[in-house]
Amino acid sequence: MKFLKKILLVDHEPKVTALVRRALESTGRYLVKVEPDVRLAQHAAPWFRPDLVLLDAAHASESEDVNRQLQNEPALKDTPFLFLSGNPTAEKKVMTGGFISGYSFLAAAVTLDDLVRFVEEMLSPAPPVQVRLKAKR
């Protein structure tokens with residue numbers, strides 16, 4: 001049985017959420033729950049228990065509040081967050097490394113394929129480290 005990774009997508013733009021949801025779910029690896037409002041996301045997250053939270057960065061202060069509140073939930077404290085921005089001016093800041101205030105961040109200029117690839121990287125476990133022991137003689 002294959003278990004899908006769960007993603008909570010918090011964005012008030014239905015066109016954006018539809019595109020992102022379709023791109024992620026079409027891979028067959030993700031189940032996406034969409035919440036258009038941060039307050040609804042705060043209530044949904046503890047029972048949905050997402051593996052990743054995608055937040056609209058247009059309202060940065062709200063998104064950071066949601067982030068802090070969700071990470072106070074014991075079951076969600078290690079859940080990664082990815083902030084998405086539709087603001088083209090924010091894009092110039094992103095190119096310096098992809099992190100703002102310590103959180104992963106993608107700007108609007110990213111393609112859906114890039115978004116899916118970035119999500120895969122965030123949710124893929126690191127490959128196991130192979131250790132070779134020298135045989136004693």
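The face of helix α2 turned away from its buried side carries three exposed residues, Arg39, His43 and Trp47. Exposed means over 50% relative accessible area, buried means under 20%, and partly exposed lies in between (1.4 Å probe, protein chains only). Helices (H or I, at least four residues) and strands (E, at least two) are DSSP runs, numbered from the N terminus.

This is a predicted model, in which local features need pLDDT of at least 70, side-chain atom pairs count only at pLDDT 80 or more, and totals for chains, interfaces and linings use all residues. Residues are numbered from 1 along each chain as its sequence is written, and side-chain values use heavy atoms, with hydrogens and water left out.

**Helix α2**

Helix α2 spans residues 38–48. Its buried residues are Val38, Ala41, Ala44, Ala45 and Phe48. They sit on the same side of α2, because they cover an arc of only 115° around the axis. That arc is taken from the directions from the helix axis to the C-beta atoms.

Now the ends. Asp37 caps the N-terminal end of α2, with a side-chain oxygen 2.8 Å from the backbone nitrogen of Arg39. A polar contact is a pair of N or O atoms within 3.5 Å; within protein, one must be able to donate a hydrogen and the other to accept it, and residues adjacent in sequence count only if both atoms are side-chain atoms. After α2 comes Arg49, which has a positive phi, near 50°.

**An aromatic pair**

The structure holds one aromatic pair. Its rings belong to Trp47 and Phe48; the planes are at 75° and the centres 6.2 Å apart, so the pair is edge-to-face. Rings of Phe, Tyr and Trp (its six-membered ring) pair if their centres lie within 6.5 Å; planes under 30 degrees apart count as stacked, over 60 as edge-to-face and the rest as tilted.

Lys6 lies over the face of Phe48, 5.4 Å from the ring centre. For this, NZ of Lys or CZ of Arg must be within 6 Å of the ring centre and within 35 degrees of the ring normal.

**Accessibility**

| Residue | Relative accessible area | Class |
|---|---|---|
| Trp47 | 59% | exposed |
| Phe48 | 7% | buried |
| Thr17 | 8% | buried |

Thr17 lies in helix α1 (residues 14–25). Leaving out residues up to four places away in sequence, Thr17 touches Leu9, Asp11 and Val34. Contact means heavy atoms within 4.5 Å.

**Strand β4**

Strand β4 (residues 81–84) is covered on both faces. Phe81 and Phe83 are buried on one side, Leu82 and Leu84 on the other.
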